[in-house]
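Subject: Structure handover

Hello,

Here is the structure I said I would pass on. Please open it first, then read the notes below it.

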Amino acid sequence: MATNATARNEQMSDAEWTVRKDLAAAYRLVALYGWDDLVFTHLSARVPGPEHHFLINPYGFLFDEITASSLIKVDENGEIVDPGATNRVNPAGFTIHSAVHMAREEAGAVLHLHAADGVAVSAHADGLLPLSQTAMLCIPHITFHEYEGVALDLDERERLVADLGDHDIMLLRNHGTLTVGKDVGEAFTYMYFLMKACQIQVRTLAMGETHLPGQHALDTTADQAKSLGKGSKLAWPALIRKLERMGSDYAT
């Protein structure tokens, strides 16, 4: 892979390098699960520190090419702050991510995908339906944002943030999915559950008549869903081990 950043910068903090490795791992896992969209869509993470800097993919790289050192560091306006960096950032991608990072201080990571099942459910009149346990765990975390065109208009950020509120999962109508986490592992875990729920819904609706659980079950699962993000504490290290068994170079 051609990149101007082939090794860790000696001036980079340990904390930043850790976030870089986690975010690069998330890019590789998105590709592994088949959720990527060529060089489009983005995953971002906040760089630890007071500078309000963020990491995002260099525009034009496939997700299975991303490494920790190839990620681009930008400020809240999407301006590249890495010394000597020559790769560019997709402005539409950072419009969405900057909105969330700027509004939610605790948003350590933001994932946005165009995966087919997620887009399909975003276009369904009722959004995600309680057709599976996975969906019922996601539904209490979900909110919606109406499609306004390719996200190039910075004015859309205010509306997107208002729609997101304090939710961690968003269906971008007729567009895709978005998850927010305090770190990359949490945001990825939310996305995994959401994409699994969307896949199950698409398959279930294709079969014809469906069965929905009773209200008591819905209420019980909604209460249990409060701890959904905590699953990342076990799942994320396991996913990292998976990449390492595959011999991935994500951490270079």
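Leaving aside its neighbours within four places in sequence, which residues is Phe 188 in contact with? They are Ala 26, Leu 29, Val 30, Tyr 33, Trp 35, Leu 111, Trp 236 and Leu 239. Contact here means heavy atoms within 4.5 Å.

Two notes on how to read this. The model is predicted, so local features need pLDDT of at least 70 and side-chain atom pairs count only at pLDDT 80 or more, while totals for chains, interfaces and linings use all residues. Residues are numbered from 1 along each chain as its sequence is written, and side-chain values use heavy atoms, with hydrogens and water left out.

The cores

Phe 188 is one of the residues that touch the most other members of the largest nonpolar core, along with Leu 43, Leu 128, Leu 194 and Trp 236. That core has 55 residues. Helix H1 (residues 14–32) gives the most to it, with 10 residues. A second, separate core has 11 residues, including Ala 107, Val 110, Leu 160 and Leu 172. A nonpolar core is a set of buried Ala, Val, Leu, Ile, Met, Phe, Trp, Tyr and Cys residues joined through side-chain atoms within 4.5 Å. Buried means under 20% relative accessible area, exposed means over 50%, and partly exposed is in between (1.4 Å probe, protein chains only). Helices (H or I, at least four residues) and strands (E, at least two) are DSSP runs, numbered from the N terminus.

Ile 142 is in strand E5 (residues 142–145) and is buried, with a relative accessible area of 11%. Not counting residues up to four places away in sequence, Ile 142 touches Leu 128, His 167, Ile 169, Leu 171 and Leu 194. The C-alpha atoms of Ile 142 and Leu 128 are separated by 8.6 Å, and the two are 14 residues apart along the chain.

In helix H5 (residues 156–164), the residues Glu 156, Arg 157, Leu 160 and Leu 164 are buried. Seen down the axis of H5, its buried residues fall within an arc of 100°, so they line one face of the helix. The arc is that of the directions from the helix axis to the C-beta atoms. On the other side of H5, Glu 158 and Ala 162 are exposed. Gly 165 follows H5 and has a positive phi, near 55°.

Salt bridges

How many salt bridges does the structure hold? There are 9, a salt bridge being a side-chain nitrogen of Lys or Arg within 4 Å of a carboxyl oxygen of Asp or Glu.

Lys 73 and Glu 16 form one of them (3.1 Å, N to O). This pair links distant parts of the chain, with Lys 73 in strand E3 (residues 72–74) and Glu 16 in helix H1, 57 residues apart. Lys 73 is buried, at 15% relative accessible area, and Glu 16 is buried too, at 6%.

Glu 105 and Arg 46 form another (4.0 Å, N to O). Glu 105 lies in the loop between helix H2 (91–103) and strand E4 (109–113) and Arg 46 in strand E1 (residues 42–46), so the pair ties together parts that are 59 residues apart in sequence. Glu 105 is exposed, at 53%, whereas Arg 46 is buried, at 12%.

Lys 226 forms a salt bridge with Asp 223, their closest N and O atoms being 3.0 Å apart. Salt bridges that share partners also join Glu 16, Arg 20 and Lys 73 into one network.

Regards
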